[in-house]
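Please read the following report beside the sequence and the model.

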Amino acid sequence: MIPSAFEYHAPTSVADAISLLGRFGDEAKLLAGGHSLLPMMKLRFASPAHLIDLGRIPDLRGIAQVGEEVHIGAMTTENELVWSRLLAEKVPLLVEGARWIADPQVRYRGTVGGDISHGDPGNDHPALMLALGASFALRGAGGERVVAAADFFHGLYDTELQPGEVLTRIQVPIPPAGTGWAYEKLKRKIGDFATAATAVLLQMDGARVANASIALTNLGPTPLKAVAAEAALAGRVLDEAALNEAARLAMEICDPVADQRGDVDYKRAMAGEMTRRALQKAQSRASA
Ligand SMILES: Cc1cc2nc3c(=O)[nH]c(=O)nc-3n(C[C@H](O)[C@H](O)[C@H](O)COP(=O)(O)OP(=O)(O)OC[C@H]3O[C@@H](n4cnc5c(N)ncnc54)[C@H](O)[C@@H]3O)c2cc1C
């Protein structure tokens with residue numbers, strides 16, 4: 001299908017993008033990589049009269065270490081995450097997660113900021129960012145505010161972004177040295193969204209778990225932080241009993257929707273399985 005007509009704007013600064021958002025209000029939509037927005041426009045689920053392209057704003061790109069965090073511009077593409085040496089060294093979970101997204105064509109255009117802003121529970125960055133304890137810089141006419149990932153995702157396509165705001169930057173705390181990581185994603189084929197996926201960061205103290213961070217993709221209307229599973233693992237040896245307990249507690253918080261990827265029971269079971277696998281892989285990569 002062909003989208004309805006729109007006027008195209010290409011600002012070269014965030015300030016100009018914000019001023020265009022202010023001028024056109026509800027009639028405007030920001031355009032990043034277009035891989036979620038354009039399909040919606042073609043289906044006429046979205047019919048913005050004005051498209052504000054963020055692609056010519058240099059300030060919105062790039063990956064840099066700032067103190068104990070890595071800052072990522074919202075318009076940084078998935079492919080740039082995949083090939084970032086800094087991320088490979090400091091935040092390898094993000095590299096692993098980005099490699100699981102869609103296919104190379106989508107990864108060349110799709111951006112980390114668009115993936116987060118869209119509020120689609122099928123997207124992978126929301127759970128990755130929850131597991132990492134990331135936060136998001138949102139800028140509007142009144143200035144900038146920084147919101148934790150844990151407070152950002154409100155519901156299906158519903159986020160903390162207010163009208164007139166642009167997500168400009170993602171701030172990711174660098175996990176302590178020795179932290180294990182894994183993103184385990186079950187998908188039916190290349191280019192598909194997750195049937196179920198689990199992101200894990202794991203710090204070990206000898207044979208015991210010192211700290212676990214666990215987040216789930218596409219198992220509810222928002223990404224889910226498996227806090228009960230995390231608490232159950234603290235101080236325990238990661239044996240079969242502990243893995244089973246963490247998987248059971250992760251499954252308990254899932255509220256998936258039945259679709260072509262499977263029914264509710266299957267998806268919940270796969271959430272448990274992805275959680276087990278991610279914990280085991282993270283443990284194999286952790287050093288005490
Ligand atoms: C075939 C296919 C398979 C896919 N598989 C996956 C997958 O496995 N995992 C996954 O995570 N994603 C997947 N996607 C989605 C893809 O990653 C999209 O690129 C992503 O969801 C949106 O990013 P974008 O840069 O394309 O944003 P756009 O489509 O341009 O924008 C998406 C929404 O976010 C808003 N927006 C964009 N940037 C900002 C910003 N900086 N501030 C405020 N609002 C903003 C837009 O206004 C729009 O409402 C898939 C897409 C396709 C087409």
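Aspartate 158 is found in strand E9, which covers residues 158-159; helices (H or I, at least four residues) and strands (E, at least two) are DSSP runs, numbered from the N terminus. The model is a predicted one, in which local features need pLDDT of at least 70 and side-chain atom pairs count only at pLDDT 80 or more, whereas totals for chains, interfaces and linings use all residues. Residues are numbered from 1 along each chain as its sequence is written, and side-chain values use heavy atoms, with hydrogens and water left out.

With a relative accessible area of 38%, aspartate 158 is partly exposed, a class that lies between buried (under 20% relative accessible area) and exposed (over 50%), as computed with a 1.4 Å probe on protein chains only. When neighbours within four places in sequence are left aside, aspartate 158 is in contact with Gly119, Phe152 and Phe153, where contact means heavy atoms within 4.5 Å. Aspartate 158 and proline 221 are 63 residues apart in sequence, and their C-alpha atoms are 9.3 Å apart in space.

## The aromatic cluster

Rings of Phe, Tyr and Trp (its six-membered ring) pair if their centres lie within 6.5 Å, and planes under 30 degrees apart count as stacked, over 60 as edge-to-face and the rest as tilted. By this rule the count comes to three aromatic pairs. Phenylalanine 136 and phenylalanine 152 form an edge-to-face pair, with 4.9 Å from centre to centre and 80° between the planes. This pair links distant parts of the chain, since phenylalanine 136 lies in strand E6 (residues 135-140) and phenylalanine 152 in the loop between strand E7 (143-148) and strand E8 (153-155), 16 residues apart. Phenylalanine 136 counts as buried because its relative accessibility is 0%, and phenylalanine 152 counts as buried because its relative accessibility is also 0%.

Phenylalanine 136 and phenylalanine 153 form another edge-to-face pair, at 6.1 Å centre to centre and with 80° between the planes. Here too distant parts of the chain are linked, with phenylalanine 136 in strand E6 and phenylalanine 153 in strand E8, 17 residues apart. Both phenylalanine 136 and phenylalanine 153 are buried, and Phe136, Phe152 and Phe153 form one aromatic cluster.

Serine 135 is found in strand E6 and counts as buried, at 12% relative accessibility. Not counting residues up to four places away in sequence, serine 135 touches Val146, Val147, Ala148, Ala149, Arg169, Ile170 and Gln171. Its C-alpha atom is separated by 8.7 Å from that of proline 173, which is 38 residues apart from serine 135 along the chain.

Threonine 77 lies in the loop between strand E5 (69-73) and helix H3 (78-82), and at 7% relative accessibility this residue counts as buried. Leaving aside neighbours within four places in sequence, threonine 77 is in contact with Arg61, Arg107, Tyr108, Arg109, Gly110 and Thr111.

## Positive phi in two loops

Most residues other than glycine have a negative phi. Alanine 102, a residue other than glycine, has a positive phi near 50°; its place is in the loop between helix H5 (92-99) and helix H6 (104-109), and at 15% relative accessibility alanine 102 counts as buried.

Asparagine 218, likewise a residue other than glycine, has a positive phi near 65° and is placed in the loop between strand E13 (208-217) and strand E14 (224-225). Asparagine 218 is buried, with a relative accessible area of 13%.

## The chain as a whole

The protein chain has 11 helices and 14 strands, and buried residues make up 53% of its 288 residues. Its radius of gyration is 19 Å, which agrees with the value near 19 Å for a compact globule of 288 residues; this radius is taken over C-alpha atoms, and the globule rule is 2.2 Å times the number of residues to the power 0.38. Along its principal axes the C-alpha trace spans about 60 × 45 × 30 Å.

Among contacts between residues at least 6 apart in sequence, 62% join residues at least 24 apart. The protein chain exposes about 12,800 Å², of which carbon and sulfur atoms supply 52%, with accessible areas taken from the Shrake-Rupley method and a 1.4 Å probe.
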